[in-house]
Amino acid sequence: MLPCLNKKFFGVECMGCGLQRSFSFLIHGEFIAAFKMYPAIYTLVLLCIVVAINTFKPFKFSNKIIIILAILNVAVILGSYAFKILT
């Protein structure tokens, strides 16, 4: 796994810390551990799937769905980062 340069140089975790390990847990079927490691993993996977499908076969309201999922992702990432910092 790639080390977090922000954590290595500054000693503070970034908003993406845990994403690689979470994805690894997800691939190995450890869904709860993946969520605990990085709560935004499921919304990110869903966003990637929608964007991939839209790339090959555009569908109605795809732009609105992608925007909503992107906003949801940002909210989950910021919320989990704030929770991590405050606890």
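**A nonpolar surface patch and a cysteine pair**

In this predicted model, helices α1 (5–10) and α5 (62–86) each supply at least two residues of a nonpolar patch. The patch covers about 700 Å² of the surface and is made by Leu5, Phe9, Phe10, Val12, Ile85 and Leu86. Of the elements that contribute, α1 provides the largest share, with three residues of the patch.

The cysteines were examined for disulfides. A disulfide is a covalent bond between the sulfur atoms of two cysteines. In the model the count of disulfides comes to zero. For Cys4, the closest cysteine sulfur is that of Cys17, at 3.2 Å, and this is too far for a bond, because a disulfide is assigned to a pair of cysteine sulfur atoms within 2.5 Å. Cys17, for which the sulfur of Cys4 is the nearest cysteine sulfur, is accordingly in no disulfide.

The accessibility of each of these two cysteines was also computed. Cys4 has a relative accessibility of 23% and therefore counts as partly exposed, since this class lies between the limit of 20% for buried residues and that of 50% for exposed ones. Cys17, with a relative accessibility of 7%, counts as buried, because this value is under the 20% limit.

Methods:
Residues numbered from 1 in each chain as written. Predicted model: local features only at pLDDT ≥ 70, side-chain atom pairs only at ≥ 80, totals over all residues. Heavy atoms only, no water. Patch = residues over 30% accessible without salt bridge, like charges linked within 9 Å, V, L, I, M, F, W, Y side chains within 5 Å. Areas by Shrake-Rupley, 256 points an atom, 1.4 Å probe, with all protein chains shown as cover. Salt bridge = Lys/Arg side-chain N within 4 Å of Asp/Glu carboxyl O. Helix = DSSP H or I, 4+ residues; strand = E, 2+ residues; numbered from the N terminus. Buried < 20%, exposed > 50% of the residue type's maximum accessible area, 1.4 Å probe, protein only.
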